[in-house]
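Welcome! Take a moment to look over the sequence and the 3D view, and then let us walk through a few features together.

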Amino acid sequence: MKVKQLAVLALFLMLVGCSSPSKAATKTIDVPMDDVLNQSAITRDVTLAVGDTLKVSLGSNKSTPYRWTADPKIGDPALLRQASHEYLRGSTDRIGAPGTEVWTFTALKSGKTTIVAKYGSVVGDAAPTCTFTANVTVQ
């Protein structure tokens with residue numbers, strides 16, 4: 001009788017363990033400063049699950065008059081929401097060294113959308129020197 005009870009308990013625990021919701025994942029897109037300076041258009045594709053976080057890190061240099069758009073354009077805000085944005089200084093104390101702009105986004109529901117950010121001068125009306133586009137598929 002004890003063996004039968006243990007077998008039922010083991011089966012129950014396996015079913016509960018298999019049916020637990022999966023944890024949300026974090027996916028990262030990194031674009032170094034060299035790519036930003038040498039390419040006028042950068043495109044990356046990424047696939048997320050609902051609830052996942054996307055971290056986008058783009059090379060930047062706050063010691064120059066060039067900046068990324070603070071709030072990148074999200075093609076379909078019903079699918080993806082910007083959660084945060086910050087500038088991280090480089091790991092050196094060297095004056096004028098580049099850092100990284102980091103945005104996080106949360107996948108809200110299934111579909112396809114884009115994130116577009118532009119890197120350009122805050123002085124004058126010059127066209128952006130680099131455009132970053134993420135093609136995002138949420139499953």
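This is a predicted model: local features need pLDDT of at least 70, side-chain atom pairs count only at pLDDT 80 or more; totals for chains, interfaces and linings use all residues.

With ring centres 6.0 Å apart and planes at 25°, Tyr 66 and Tyr 119 form a stacked pair, because planes under 30 degrees apart count as stacked. That pair brings together distant parts of the chain: Tyr 66 sits in strand β4 (residues 66–68) and Tyr 119 in strand β8 (residues 111–121), 53 residues apart.

The pair of Trp 68 and Tyr 119 is tilted, since the ring centres are 5.0 Å apart and the planes stand at 45°. Here too strand β4 is linked to strand β8, with Trp 68 and Tyr 119 51 residues apart.

Tyr 66 is partly exposed, at 31%.

## The chain as a whole

Stepping back, you will find two helices and nine strands, arranged along the sequence as α-β-α-β-β-β-β-β-β-β-β. Of the 139 residues, 30% are buried. Among contacts between residues at least 6 apart in sequence, 70% join residues at least 24 apart.

## A look at Thr 43

Thr 43 lies in strand β2 (residues 41–48) and is partly exposed, with 44% relative accessibility. Beyond its neighbours within four places in sequence, Thr 43 contacts Thr 133 and Asn 135. The C-alpha atoms of Thr 43 and Thr 133 are 4.8 Å apart, although 90 residues separate them along the chain.

Terms used: Residues are numbered from 1 along each chain as its sequence is written. Side-chain values use heavy atoms; hydrogens and water are left out. Helices (H or I, at least four residues) and strands (E, at least two) are DSSP runs, numbered from the N terminus. Buried means under 20% relative accessible area, exposed over 50%, partly exposed in between (1.4 Å probe, protein chains only). Contact means heavy atoms within 4.5 Å. Rings of Phe, Tyr and Trp (its six-membered ring) pair if their centres lie within 6.5 Å; planes under 30 degrees apart count as stacked, over 60 as edge-to-face and the rest as tilted.
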